[in-house]
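Please open the structure beside this text and follow along from one stop to the next.

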Amino acid sequence: MGIKIDALKCTNCMACEMACGYHRDDGFAFLSACIVPYRAREKKDYFGVLLKEEDSLVVARPEGTEINRIGEEADPDKEADASAKPMLLREACDLCEDMKYGPMCVKICPVDAISVAE
Amino acid sequence: MEYLSNDKILVVDLAKGDVEEEELSEELVAERIGGAGVNARLYKEYADDDPIVLGVGLLTGSMYPASAASVLTAKSPVTGKLCHCPVTLKVGIEIKYAGFDYIVIKGRSDKPVYLWIHDGVADIADAADVWGKDVWETTDAWRKGVGDDLLQTMVIGPAGEKGLDCAQVCYNYWTGPDRFGIGKLFGQRNLKGMAFRGMGLLEAAEPEDFVDEAFELLEAVKGNAFMSKKGLGPICAALGEADAEEWLSPVVHRHSADYFTPYATNTFAFIDEDPAAVTETAKPEPGVLISDIPALLAFKKLGLSALDAAKAMQACARQGVDPMAAATAGEKGGKTSIDDILSQVAATTEPAAMEGNGVFSPWCPRKPIFGDFGASDTDAWWERRQAVAAIFGIQPVFAVMCPQLTEESMISLSNIGGELELDQETLDTVIGDIAG
Amino acid sequence: MENRPFIGPSLGIYTGTGASHSWLWFVDLFEKAGFFDLTFLDEIDVRRGGLDGLDGFATAGGDTFALAEALGPRGAEQLARFVENGGIYLGSCAGAYLPMRSSKIPLDQFNFVDVRITNLTSALPTPQRMAGKFCTAYGCRFVFHPVRETVTLVIDGKSPAAGSLIDAPLYGGPGMIAAGDAQVLANYQGFTDKTLFLTDRRLAEKTLIGTAAAVRQEKGRGVFYLFGPHFEHPRYPEANRFLLDAIKEEMDRKPVGTEKPTFWRRNARPSKAGKALVRDVKRELSNARIVAAGLEMLPLQWRIGEKIYEPTKIRVFLDSLWRRIRPLEKADHVHFTPGCDAKMLRLALEITETIRTMKHRIDENLDATPQAKELFHRLQGLSKAFLQLYFDTRAAEAMSDFASFTPIPGELN
């Protein structure tokens, strides 16, 4: 089960980011959200939605979805961290397991661009 | 004020180059609610300095649908009245998350400065390097300097620096609702603009109840037929400009919404890139974000193609000129070619004719869009609707679109989230006071 | 502890070379327990006798080899003397590996505790996942990590809690077999649905289950505590309680001290410049965390030494300081040791400058690893200096008027 994003429907309103932040911080905040509409290249109107999952970063774009692995050594031949400690910040998506509404980003999206994929 | 708030009023003295902080008292909120209501009170308190006051709505940046806006309050050089100009896109919420509820700006700096507001810290920063630069160059410079692509800005361009009545305060790179010449007031004070970024947290008194009620409201909002549409085209059609949607369509790249605003009230037009392109364009500056419906229609009326109208809009955004003023000047000067109009933009001086009471911006269409509000006197209804939006922080265009966002629901959510006891009578009093 | 009832024992926390960010968990835990007389030490402080006068010294996770190398023979000597003279050593994860018997240079200087580890092999098992996080070379053999995340422990020994189960998180810590005088306090009992298996389950069980997760060994008048899992992790209240109870028991055994609190001995004083310092540091923390947050949703990582660093780690440090700004703003006076202010501000300004440079390089697709290395070094330095100021202020306030200080927001409440 995971979060599925239709970037063509998305209007970049940030409601998902707020709802996700609320799930993490029990208040209105954005900082801990694991789902973030892309806003960095504003002048180009470049858009998409980023989703942080365990070990991967999903970039949902209108032309398709790209998955970047994170937290692993790019070169597997190199010896790497044997004991990485969790950051306890901006944690990966847990599908809002403790929320009565289920995944909050799905619930709040005004344009139904986010859904749960089985 | 403990909830839905940072509990902070910032007073900036540009002449002395210092800042002071005050607490936002619960009594003030109970009496004046928020946004334009409190702004007007703060203006009065500092009236001798004829300040510019920036304030967030009581619900701004919350999970109340369309709680996207903040509001700039100042004595307009255009109308001579105390006016309330919405702060839209994602700039409105960033102010709240940057740590202040209200910012009173008084005095005149003796050199160009801008305010860098971040995480409850207010810095008066040097703007000498961007003075003379246009809006785009300025936002780019500030974002690069701070190292953050999401910095939200209010900026004046050359028009504001020259102190023209047509000067607008722009948001990030785009023209906004300022028909009041607030850009001129910035320029007169040597204030190039403000930059906001913050990672604050707003607490609600009863967060779960707040979210329950907000989600219920959202479901009702999503039931509207207009939710199947996006962007400026359908709005123009709903306003009786049936052919505008088709006229605009050749340049439409996509539509975006202000913070948590269910309808996307902004349309991005591509000028030198194929609007159908979905992959990232290599062009650094391919087009313009348009939110100004009356100005867009005014350019259309001059006989421009949508592409040329977008070019004119882009030029206004860079220069910091109210596009409605530019379109008006073009019409008066009998300009019909895009080259004439583009050269007209930088030469515009006069503001656009003001519609309504001169207190709220006619950037927002002055009649119901899509929805039926059952109002007999549309003008009075519009002024009241704008006042309510400016008090609670609701996106003004969506406010005239969506009847489910009732005054009652705003009062109710404010009380749940803010541990307040606001009632209709208080709201009526504040509206009566600010609506002129 | 009777002579200083409001600020707890004098505890040192290692912040220097080889430390990861888990020492910040000790900081959170001690603060939550009301322990304010904290001293933050890097390897230079330890080598220069910084452990003198402390009741306890906590070393959390990180790179054991880097840690041992940084402390060197002089640091080993100081650590031995500290415990011999009555000090309580608290080591988790890398901090637990450090004082074990070993013949490997430079660990052979720290042969203090009679345990051997069970997660050591000459034939490397095939990893199931997380190849990069699986093992680390240890001479000609390998320390390997069969599982990560939550494991269940059973309390051992004669305590009333014996037989009860607690959860704790394992991130590279050892399974241990005690010998000689070493006393087992808790054993690995089983796995949970949150346990992440890095080898096959049978090997994981064989390696860990029934082996020691927490060991205590007296030495001279003092004692070593070794914890395989991170008992100080903020989301494991039972493990936290176990650790705090251990400190309390050791303190109860100690003769009543006559030493003044360490903040006093450090000559930390209220300063008129304190408020301005806090404001200036706050400004730079904000400037830096804004850039840091913007890097978090990018697929970036930097290799520094043997470790992989991700952007989120920047804000782990910044936010730990950030959420302690508000109480300092509200404090009547800010206390610090003269001279530390200029250094703190310089580090804060350098951090902003470094992270902005990193951002510009990343935008231009240039490698930012050298800057990242500098950044994390400075973050450790600023964290050490700032937290010293923070706890000196808290300790001073608690001593003068223990009601006037408001608790800090965030996870510590």
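In which loop of chain C is C:Pro106 found? This is a predicted model, so please read every value below as computed from it. C:Pro106 sits in the loop that runs between helix H4 (94-97) and strand S5 (115-117) of chain C.

You will find A:Met14 in the loop between strand S1 (2-5) and helix H1 (15-25) of chain A.

Now return to chain C and zoom out to its domains. The domain assignment gives domain 1 (11-253) and domain 2 (268-401). Their C-alpha centres lie 27 Å apart, and the contact between them takes 19 residues from domain 1 of chain C and 18 residues from domain 2 of chain C. The size of an interface is often given as the accessible area lost when the parts come together. For these two domains of chain C the buried area is about 1,600 Å², with 56% of it on carbon and sulfur atoms.

Which residues of domain 1 of chain C lose the most area to domain 2 of chain C? They are C:Glu31, C:Phe36 and C:Phe40, which together account for 36% of what that side buries. C:Glu31 also takes part in a salt bridge with C:Arg324, where the closest N and O atoms are 2.9 Å apart. On the domain 1 side, the elements that give two or more residues are helix H1 (23-32) and strand S2 (38-41) of chain C. H1(C) supplies the largest share, five residues. Sorted by class, that side of domain 1 of chain C has nine nonpolar, five polar and five charged residues.

Next, let us look at where chain C meets chain B. The contact takes 13 residues from chain C and 15 residues from chain B. Together the two chains bury about 1,300 Å², 50% of it on carbon and sulfur atoms. Three salt bridges are found across this interface; one of the pairs to display is B:Asp123 with C:Arg283, whose closest N and O atoms are 2.7 Å apart. Nine residue pairs are in polar contact between chain C and chain B. On the chain C side, helix H8 (274-295) and helix H11 (340-363) are the elements that give two or more residues, and H8(C) gives the most, with eight residues. By class, this side of chain C has four nonpolar, three polar and six charged residues.

Our last stop is a sheet in chain B. Strands of a sheet pair through backbone hydrogen bonds, either parallel or antiparallel. Here five strands of chain B form an open sheet in the order S8-S7-S11-S9-S10, and the pairing is mixed. Which strands are at the edges? Strand S8 (121-126) and strand S10 (170-171) of chain B are the edge strands, each pairing on one side only. Further in, strand S9 (residues 152-155) and strand S11 (residues 191-197) of chain B pair in the antiparallel sense over four bridges. To see how the two line up, pick B:Met154, which stands opposite B:Met194 in S11(B).

Key:
Residues numbered from 1 in each chain as written. Chains lettered and ligands numbered in written order. Predicted model: local features only at pLDDT ≥ 70, side-chain atom pairs only at ≥ 80, totals over all residues. Heavy atoms only, no water. Domains from an automatic or database assignment. Contact = heavy atoms within 4.5 Å. Buried area = accessible area lost by both parts, 1.4 Å probe. Salt bridge = Lys/Arg side-chain N within 4 Å of Asp/Glu carboxyl O. Nonpolar A, V, L, I, M, F, W, Y, C, P; charged D, E, K, R; others polar. Pairing = 2+ DSSP bridges. Polar contact = N/O pair within 3.5 Å; in protein donor to acceptor, adjacent residues only side chain to side chain.
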